[in-house]
Amino acid sequence: MADQDYTDGNMLAGPMRELFAVDLTAATGRCANCGLTGPIAQMRVYQHAPGLVARCPGCEEVVMRLVRTPTSAWLDLRGAVFVQVPMPAESPASW
Amino acid sequence: MARAAVPGRLNRGASWRVAQLVESREETGTARTLVLEVPDWPGHTPGQHVDVRLTAPDGYRAERSYSIASAAAGNRIELTVQRVPDGEVSPYLIDVFSVGDPVEIRGPVGGWFVWRSADPAPVLLVAGGSGIVPLMAMVRARRAAGSRVPFRLIYSVRTPRDAYFADELRQRARDDGGLDVSYVYTRETPDGWPSAAHRIGVADVNSHGWPAELEPTCFVCGPTGFVETVADILVALGHDSRRVKTERFGPTGG
Ligand SMILES: Cc1cc2nc3c(=O)[nH]c(=O)nc-3n(C[C@H](O)[C@H](O)[C@H](O)COP(=O)(O)OP(=O)(O)OC[C@H]3O[C@@H](n4cnc5c(N)ncnc54)[C@H](O)[C@@H]3O)c2cc1C
Ligand SMILES: [Zn+2]
């Protein structure tokens with residue numbers, strides 16, 4: 001059971017909306033370690049680490065880490081080459 | 001305590017708002033459907049979820065995600081919560097949270113694990129246990145939109161008594177046209193069921209899903225282990241992994 005003790009990037013939707021005005025789960029990220037490119041929604045998210053830790057589903061390296069303190073949010077993106085956010089002209093009711 | 005929500009368009013979904021429980025009904029022996037009234041609810045897309053936040057008298061807070069089970073309709077949303085024994089939040093929502101009580105929610109959130117009724121691709125839904133919840137929102141939204149997009153649902157449950165929305169699914173499969181529902185039982189089957197209880201496998205997905213050549217959009221939701229098994233099967237059957245959308249609810253219990 002311990003080896004399935006994670007959810008996925010879908011659960012980052014709420015915490016990320018505190019930081020950004022767009023939905024990050026539909027964004028695409030590239031892993032800096034193995035180069036795998038895919039939706040943020042499909043990363044493996046571990047909640048029992050300090051903060052939320054998102055790992056690459058291909059190589060298990062940490063891609064993003066979000067730590068919330070009472071006064072700030074720390075977003076560590078060192079495991080990502082880029083995050084590409086879809087920006088349609090209009091996206092009714094999609095947030 | 002109730003902070004006013006700021007429903008400006010840019011921070012829609014970003015701030016906490018206070019919802020009120022207006023109705024609660026038993027879904028199965030271990031799950032309840034909670035009907036919440038949310039002032040200024042902006043509407044949602046099926047597949048989206050909300051985060052629920054509980055605050056103890058000493059200030060300790062717990063946050064969990066719950067998928068929206070209902071199709072968009074006014075200021076009401078429905079969540080269906082399964083009791084996780086020894087859980088912090090789900091037993092509270094099922095046993096203690098009562099009609100008239102407030103609760104803080106954030107959402108709707110999530111723009112990837114969603115079905116849009118304008119998408120013409122056939123849809124395969126595969127649910128394990130409570131993973132039916134966001135998929136049920138898709139089934140309900142399909143009906144609400146009068147959509148003819150063909151849907152197939154494969155629903156894995158432990159026993160017939162553990163199936164959520166069983167009556168409604170029977171009725172929708174009969175009346176909606178183009179919705180097929182099939183079950184996989186992992187522990188106990190109904191009387192006269194043609195196969196023995198078993199975990200979902202290639203044969204189930206192959207015979208009750210769509211052939212990969214039809215390029216269906218696949219939505220798989222449930223406990224982490226279940227989702228991984230089904231996603232692997234779909235890819236092995238030739239489905240493009242980009243068309244296999246998954247949502248993991250957490251550890252595979254019991
Ligand atoms: C995007 C998303 C949507 C979700 N939608 C729903 C939904 O519609 N309905 C619903 O009932 N749940 C849903 N969940 C799961 C929900 O968020 C909680 O994880 C669940 O209710 C357990 O919370 P708890 O506080 O009761 O248990 P916790 O106190 O978090 O955990 C107690 C024990 O149970 C184990 N555990 C934790 N979560 C689960 C689980 N899901 N199944 C089995 N064991 C678990 C833990 O490892 C721990 O040992 C969703 C999760 C996500 C990420
Ligand atoms: Zn990687």
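Modeller: Start with the spacing. Along the chain, the donors of the zinc ion (ligand 2) follow C-x2-C-x21-C-x2-C. One pair links distant parts of the chain: Cys34(A) and Cys56(A) are 22 residues apart. Cys34(A) sits in the loop between β2 (28-31) and β3 (37-39) of chain A. Cys56(A) sits in the loop between β5 (52-55) and β6 (62-68) of chain A. Keep in mind that this is a predicted model.

Now the contacts. The protein donors are the SG atoms of Cys31(A), Cys34(A), Cys56(A) and Cys59(A). They lie 2.3 to 2.4 Å from the zinc ion (ligand 2).

Next, the geometry. The four donor atoms subtend angles of 104 to 114 degrees around the zinc ion (ligand 2), so the arrangement is tetrahedral. The cut-off asks that all angles lie between 85 and 135 degrees.

Cys31(A) is buried, because its relative accessible area is 4%, and buried means under 20%. Cys56(A) also counts as buried, at 2% relative accessibility. Cys34(A) has 40% relative accessibility, so it counts as partly exposed.

A search of the whole structure, over all chains, finds zero disulfides.

Key. Residues are numbered from 1 along each chain as its sequence is written. Chains are lettered from A and ligands numbered from 1 in the order in which they are written. This is a predicted model: local features need pLDDT of at least 70, side-chain atom pairs count only at pLDDT 80 or more; totals for chains, interfaces and linings use all residues. Side-chain values use heavy atoms; hydrogens and water are left out. Donors are N, O and S atoms within 2.8 Å of the metal (3.2 Å for Na, K and Ca); water is not among the atoms, so sites may look incomplete. Four donors count as tetrahedral if all angles lie between 85 and 135 degrees; four count as square planar and six as octahedral if opposite donors are over 155 degrees apart and all others between 65 and 115; anything else is irregular. Helices (H or I, at least four residues) and strands (E, at least two) are DSSP runs, numbered from the N terminus. Buried means under 20% relative accessible area, exposed over 50%, partly exposed in between (1.4 Å probe, protein chains only). A disulfide is a pair of cysteine sulfur atoms within 2.5 Å.
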